[in-house]
Amino acid sequence: MAPGSASAPISVLLIDEDPAVGRAVRQALAAPRFSTAVASRALDGLRLAARQKPQLVIMELSFSQGKGLELAKRLMIAPETRTCALILHSAEASSAARLEALQAGAAGFIGKPCEGRRFVQRVEDIVALLYGQ
């Protein structure tokens, strides 16, 4: 069954230290289209991604425990997670930040703030490019 169809939601992991962002993304990316888990620390996110093998990882570009780009690169090379699509998001929305995200292997970049329907639409656009739906 194709990811995101009525009986197969797209599994998403959000990795972001801000609890408000976690709540907002979990609410925005809800069933039946998405199944969303949240990790509030970079290393917890890495472990959770290895265990759950989500189809899509959305993560902050910078963390207090280390840089998001380093984590992104680790996700892209680890055998358990290298097939996960990655979207980086950050308040740092410069062209340089976007380029760094794409060079790290991200399928997309969403600048902050990007709330509600606009956020969901950006994720949907990236999913459509990745999965043709």
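Guide: A pocket, as the word is used here, is an open set of grid points with protein on both sides within 12 Å along at least five of seven lines. Rolling a probe the size of a water molecule over the atoms shows where empty space is left. In this predicted model, the largest pocket holds about 280 Å³ of space.

Visitor: Which residues are the closest to the centre of the largest pocket?

Guide: Val21, Ala24, Val25, Cys114 and Glu115 are the closest to the centre, out of 15 residues that line the largest pocket. Two or more lining residues come from each of helix H1 (19–28), strand S7 (108–111) and helix H5 (116–131), and H1 gives the largest share, five residues.

Visitor: How many residues does H5 have, and which of the residues of H5 are buried?

Guide: H5 has 16 residues and reaches 22 Å from its first C-alpha to its last, close to the 22 Å expected at 1.5 Å a residue. Buried means under 20% relative accessible area, and in H5 the buried residues are Phe119, Val120, Val123, Glu124, Ile126 and Val127. These residues lie on the same side of H5, because they cover an arc of only 165° around the axis. Arg117, Arg118 and Leu129, on the other side of H5, are exposed. Among the elements that cover the buried residues of H5 are strand S1 (10–15), H1, strand S2 (34–39), strand S3 (56–60), strand S6 (85–90) and S7. Just after H5, glycine 132 takes a positive phi of about 70°.

Visitor: Is isoleucine 110 buried or exposed, and with which residues is isoleucine 110 in contact?

Guide: Isoleucine 110, which has its place in strand S7, counts as buried because its relative accessibility is 2%. Leaving aside neighbours within four places in sequence, isoleucine 110 is in contact with Ile87, Leu88, His89, Ser90, Phe119, Arg122 and Val123; Phe119 and Val123 are also among the buried residues of H5.

Visitor: What can be read from the backbone at proline 32 and lysine 53?

Guide: Proline 32, in the loop between H1 and S2, is joined to alanine 31 by a cis peptide bond with omega of about 5°. Lysine 53, in the loop between helix H2 (42–52) and S3, has a positive phi of about 50° although it is not a glycine. At 47% relative accessibility, lysine 53 counts as partly exposed.

Note on methods: Residues are numbered from 1 along each chain as its sequence is written. This is a predicted model: local features need pLDDT of at least 70, side-chain atom pairs count only at pLDDT 80 or more; totals for chains, interfaces and linings use all residues. Side-chain values use heavy atoms; hydrogens and water are left out. On a 1 Å grid over the protein atoms alone, a cavity is a set of points where a 1.4 Å probe fits but cannot get out, and a pocket is an open set with protein on both sides within 12 Å along at least five of seven lines; lining residues have an atom within 4 Å of a point. Grid points are joined across faces, edges and corners, and a volume is the space filled by probe spheres set on the points. Helices (H or I, at least four residues) and strands (E, at least two) are DSSP runs, numbered from the N terminus. The expected span of a helix is 1.5 Å times one less than its number of residues. Buried means under 20% relative accessible area, exposed over 50%, partly exposed in between (1.4 Å probe, protein chains only). The arc is that of the directions from the helix axis to the C-beta atoms. Contact means heavy atoms within 4.5 Å.
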